[in-house]
Amino acid sequence: IQKDYAGALKYFFKGTDAAKRSNYSRLHCILLCNISGIYHLQKDTTGLVYTQKCYKIGHLKHDPFLIYIGAVRTASMLNLKKDYQGALEYIKEAEFLMQQNDFKDQAEVYSLYGNILSNLNEKKEAETYFKQALSKREESKISSILSTYLGYADLLIKHNNMTEAIKLLQEGINYSSSTPSAVYRSDLILKLSDCYEKNGQNDKALAYYKQYKSETDSM
């Protein structure tokens, strides 16, 4: 929540050690996927080896949740590695399992699906998934919703729809003010600064860039 990723990793790895000592293999797999999530926030694909382990064990144990979380995190890592077709296969499996089992935080899956489709230049389909993610805001993690605002805005920027992108980013920043979570907030502010700059609104661009610097410096 405080973007202390090094500290978070330290305790997640302590958790995996504890899970090993108690032979709690299911918890061990879930913690590995949490570790991969921290790596993803740092745009580091190191976490792929952990997601693959969880995914494989899920299939070996016929555990739908382990397969699901392993598939989501693997799709996330492959998307980061620019292997969009590979990511698409995993996110399709994750969506199927999510719907079959009514797993929570569905915005995370729909948002990631939207990002993958956006990277594949499937604008209409990507937009559909981003809207679906935002429709799940009440029952999903705030970080998943903020990630959706960021991904959806990227799609709009890519297609030169600055007005709607600015509106969406402002909405995302307002939404983030309701939570102590710092995850994605500074990214939204920086993206909004970039949008205003591209739109020729340099005063607003500078104001939001100063806000971004202030937040990241305090971190």
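Is Tyr129 buried or exposed? Tyr129 is buried, with a relative accessible area of 16%, where buried stands for under 20% relative accessible area, exposed for over 50% and partly exposed for what lies in between, using a 1.4 Å probe and protein chains only.

Before I go on, please keep in mind that this is a predicted model, in which local features need pLDDT of at least 70 and side-chain atom pairs count only at pLDDT 80 or more, while totals for chains, interfaces and linings use all residues. Residues are numbered from 1 along each chain as its sequence is written, and side-chain values use heavy atoms, with hydrogens and water left out.

Let me turn to the rings. Rings of Phe, Tyr and Trp (its six-membered ring) pair if their centres lie within 6.5 Å, and the planes count as stacked when under 30 degrees apart, as edge-to-face when over 60 and as tilted for the rest. By this rule there are twelve aromatic pairs. One of them joins Phe65 and Tyr68, which are tilted, with 6.0 Å from centre to centre and 45° between the planes. These two residues are three apart in helix 4 (residues 64–80), and so about one helical turn separates them; helices here are DSSP runs of H or I with at least four residues, numbered from the N terminus. Phe65 is partly exposed, at a relative accessible area of 24%, whereas Tyr68 is buried, at 5%.

Tyr129 has a ring partner as well: its centre lies 6.0 Å from that of Tyr110, and the planes stand at 35°, so this pair is tilted. Because Tyr110 belongs to helix 6 (residues 106–119) and Tyr129 to helix 7 (residues 123–134), the pair ties together parts that are 19 residues apart in sequence. Tyr110 is buried too, with a relative accessible area of 3%.

How do helix 4 and helix 6 lie to each other? Their axes, which are lines fitted to C-alpha atoms over the stretch in contact, with angles from 0 to 180 degrees between N-to-C directions, come within 11 Å and cross at roughly 30°. That makes helix 4 roughly parallel to helix 6, since angles under 35 degrees count as roughly parallel, over 145 as roughly antiparallel, 65 to 115 as roughly perpendicular and the rest as oblique. Among the residues that meet here are Tyr68 and Asn79 in helix 4, and Leu112 and Asn115 in helix 6.

Asn115 counts as buried, at 19% relative accessibility. Leaving aside neighbours within four places in sequence, Asn115 is in contact with Asn79, Phe130 and Gly151, contact being heavy atoms within 4.5 Å.
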